[in-house]
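Colleague: Please show me how to read the features of a protein model, one at a time.

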Amino acid sequence: MFIEYAIGAFILGGLLGFIRDYKSAVKASSFMAFLGSLLLLGEVYNVYTNGPVKVNLYGLPLNITNVSAVFLLIIGIVGTAVSLYAISYMDIFERTGKGGVYAIAYNTFLASMALVVTVDSMEYFVVSWELMTLSSFILVFFSERKRDVNASAKYYITMHFLDTIPLFLALGTAYSLVGSFDKLSFENIGSALMTAPAHTKIVFGGLLLIAFMTKSGITPFQFWVAETYRAAPSSVSAVMAGAMEKVALYGLIALVWKLVGTTYSLGLLVALLGAITLTVGTLYALRETNAKRLLAYHSVGQMGYIWLGIGIGMALIPKGGALGAIGALGAFAGLFHALNHAIFKSSLFLSAGAVEYRTGTVELNELGGLGKHMKWTALAALFASLAISGVPPFNGFISKWLIYVSGYQSGNLLLAFGAVLAALISAATLASFVKFYGTQFGGEMERYEEVREVPGTMIAGQWILAGLTLLIGIFPGTVTGVLNVFNAPVEGNLYKIGFKSVLFSPVLFVILLGVLVFGFYLALKPSYGKEAKPWDCGSTQIDEDEYRINAEGYYIKYERKIDGFYRFGDWFYAVGAAIIHYIVRGYIWMASYFVKIVDTPYTKVESVADLRKSEVLYGDEEALKPLVRFLRIACDVLPGIRLGTFVVLALITVGVVIGILMAL
């Protein structure tokens, strides 16, 4: 089984964190994460060709279904590209000296996501989910800057109260239904729910829905997203936005929909939440001037599109007949957009990281003129920007278009309105990415004249994803077979896709577009070689770098038109921030007594920073101290492994893995 080797590669990648040298540890662990992600793609192919499989992995019961394969595909693609990219990108954090922390946390992050979508037990699902949350939390504050640490604390507190607590309560509910931890398989829980009282189903499903809404960033639980993605290293943000959010979607489908069951009303609720979220996320992105915060809000918005499609499926599939077919199309479109979003959003975060790698900033107001110095990064960013904006022939158009079609033909006013709203918001997405791309790569700025392209592994990571946006957009049939787990009546092949009479041929579109562009080029052939200074109205005081519209001024008049919307949203965020503030204060109040036990009765504790200065007594830490001491001794005893040695070991490992696969 490929997944066994994949998890093994992630474990080895974490163990390579014991290499003393930061760069060697990061490059070695990133390489093993790259290999493990490729093996996940091998598992997807295995399930696609041979059907679902059950396996016992190191004592963990796994059930790799067709739905699991879709999400392994997402994790595998994102993990492959990002891990390759991280080999060079993570050099900018060398000052932290935490190569081992990165190696363990990053590989654990990927492995835990793979387990979440494959384990066949509620108990192991929750444990894997917590591993995913903990490892991502560690990666968010990797830079150790004060603002980033605060963002990571906000993320972790939010996840504990709106994610962990609901999941553990749901686990307790499942235990009460089956009566034993040994019987917590999803099959047993599903059987028990069939005869359970209606209020038990509502409580169980409601707890799960809150947890998955929070992790997906669905309104009103999106307040953690922007600062978390801004604070995390860009490669980590790419995995969180591209893969982690989709793991929550798996929970919505596999646990809420398939396990608890769905109703017409629940489907409408999910679709409504999606329509609200795609509007809120996109409009907030429109006013952002920090590239990573802008992309974070667009992650919120794009998850809204996905939930809209899944909601259409949840509402209509149970009705059967023609409406059931339209519902299956909507659910298929939602899954298709989940894959597409994973690809183009990860690519966009990697392009932002590439700009940060060379310029040291992601503030759009401070950037410009990078297109001619970072041509490969600029072109990859252009592909991904067109894809997220729903411009054909890129992949984002296909899935958005199918969501519109299913909503229009649903026969329900709310679903049809959601589809119309989604189409209109796509225009705002395009406007936002005109700003995102133009401010970074357009124009000229003297301060960046010496900037050069990023290293080859970073370019390769970006282009694995950017290339897929075009490949899938032109040939959607390459992935529709894996994605169509709802048996949607999708008509098409490699060259066309659609529903009944509503068909679209990406290949024909590309041919016609190419002819049109060539005709315009011949008719309006531009002249080259002429240069002129910009007119400064006679001023001698303005720097030429300032002859441009900065990001803040792009849509300022439009933003003023909907100022009431932004003020309401800002108030809502302020309320959320206040709640988190008082939660932190409560934590400090409790923790201060443990500090006093260890130090003196008069220790003054007023902030988290004060806690860091003192030794705090935690029961779980006391229990784990022997293991921590052993690991520290092992780290000191093991000789420092140089990069050259690692390359030899890596080649041997790859050879052994390939040999085993060939033997099988």
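Colleague: What is the relative accessible area of Lys23?

Modeller: A residue is buried under 20% relative accessible area, exposed over 50% and partly exposed in between, using a 1.4 Å probe and protein chains only. Lys23, at 32%, is partly exposed. This is a predicted model, in which local features need pLDDT of at least 70 and side-chain atom pairs count only at pLDDT 80 or more, while totals for chains, interfaces and linings use all residues. Residues are numbered from 1 along each chain as its sequence is written, and side-chain values use heavy atoms, with hydrogens and water left out.

Colleague: With which residue does Lys23 form a salt bridge?

Modeller: Side chains of opposite charge can pair when their charged atoms come close. The criterion is a side-chain nitrogen of Lys or Arg within 4 Å of a carboxyl oxygen of Asp or Glu. Lys23 pairs in this way with Glu94, their closest N and O atoms being 3.9 Å apart. Lys23 belongs to helix H2 (residues 22–50) and Glu94 to the loop between helix H3 (66–89) and helix H4 (99–116), so the pair ties together parts 71 residues apart in sequence. Helices (H or I, at least four residues) and strands (E, at least two) are DSSP runs, numbered from the N terminus. Glu94 is also partly exposed, at 35%.

Colleague: Are Lys215 and Asp163 buried or exposed?

Modeller: Both are buried. Their side chains meet in a salt bridge of 3.8 Å, N to O. This pair links helix H8 (residues 198–216), which holds Lys215, to helix H6 (residues 146–178), which holds Asp163, across 52 residues. The whole structure has 7 salt bridges.

Colleague: How many residues of helix H10 are buried?

Modeller: In H10, 25 of the 27 residues are buried, so the helix is largely enclosed by the rest of the structure. Gly261, which follows H10, has a positive phi, near 105°.
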